[in-house]
Amino acid sequence: MEGNRQKEKPGGTGDGRPAWDDYFLDIVGLVAKRATCLRRRVGAALVRDRRILATGYNGAPSGLRHCLSIGCLREQKQIPSGERHELCRGLHAEQNAIIQAALHGVSVKGATLYCTNQPCTICVKMIINAGIVRIVVQGDYRDDLAEEMLAEAKIEVIRQ
């Protein structure tokens, strides 16, 4: 096995244990439960050599009031999903995972990002510059520009 790629059959190892990608996707599903966004709960984890480097979920910056307690600015202004990302109190799960790694001095170069949703264009730009080489996602959120940029950067994307 190389990095996070599992050569066993998809969906499990044959002995009742989940394949590595499934295992880490299950973990980010749990991480997403910590999210404080009223619109979408997203979880992310950065993994290298089958070790979790950092996790993140979407929500307000540390020490600031959460949308759960003060309401959603985007809902109040009727901003559609996927537009005007700057008009939000929260950070995305992928951003928080990258920031947590940086805050603790952990390089994410060569890592795989596991995420409950496809990253948006803003997150993709951070992912590219952070040296993340692979993304495994669940969910139905799509961002055409993000997908184009990931393809151009030759970042492998696995959808489950």
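Mentor: Buried means under 20% relative accessible area, exposed means over 50%, and partly exposed lies in between. Keep in mind that this is a predicted model.

Trainee: Is Arg 142 buried, exposed or partly exposed?
Mentor: Its relative accessible area is 48%. The exposed class starts over 50%. Arg 142 therefore counts as partly exposed.

Trainee: Which residue forms a salt bridge with Arg 142?
Mentor: The closest N and O atoms of the pair are 2.5 Å apart. A salt bridge needs them within 4 Å.

Trainee: Which residue meets Glu 75 in a salt bridge?
Mentor: The N to O distance is 2.6 Å. Glu 75 sits in helix α3, and its partner sits in the loop between α1 (20–32) and β1, 36 residues apart. Glu 75 is partly exposed at 45% relative accessibility. Its partner is Arg 39.

Trainee: Arg 74 is buried yet has no salt bridge. How far away is the nearest side chain of opposite charge?
Mentor: That side chain belongs to Glu 86. For Arg 74, the distance to Glu 86 is 6.5 Å.

Trainee: Which residue's backbone oxygen does the Arg 74 side chain reach?
Mentor: Arg 74 is found in helix α3 (residues 73–76). Its contacts include Arg 39, Pro 80 and His 85. The side chain reaches a backbone oxygen at 2.8 Å. That oxygen belongs to Arg 84.

Trainee: Which are the edge strands of the sheet?
Mentor: Five strands form an open sheet with mixed pairing, in the order β2-β1-β3-β4-β5. An edge strand here pairs on one side only. The edge strands are β2 and β5.

Trainee: Which residue of β4 is the bridge partner of Cys 115?
Mentor: Strand β3 (residues 112–115) pairs with strand β4 (residues 134–137) in the parallel sense, over four bridges. The bridge partner of Cys 115 is Val 137.

Trainee: At about what angle does helix α4 run to β2?
Mentor: Helix α4 covers residues 93–103. It lies across β1 (43–48), β2 and β3. Relative to β2, helix α4 runs at about 130°.

Key. Residues numbered from 1 in each chain as written. Predicted model: local features only at pLDDT ≥ 70, side-chain atom pairs only at ≥ 80, totals over all residues. Heavy atoms only, no water. Helix = DSSP H or I, 4+ residues; strand = E, 2+ residues; numbered from the N terminus. Buried < 20%, exposed > 50% of the residue type's maximum accessible area, 1.4 Å probe, protein only. Lys, Arg positive; Asp, Glu negative; His and termini not counted. Polar contact = N/O pair within 3.5 Å; in protein donor to acceptor, adjacent residues only side chain to side chain. Contact = heavy atoms within 4.5 Å. Pairing = 2+ DSSP bridges. Axes fitted to C-alpha atoms, helices over the stretch in contact; angles between N-to-C directions. Lists of a residue's contacts leave out its neighbours within four places in sequence.
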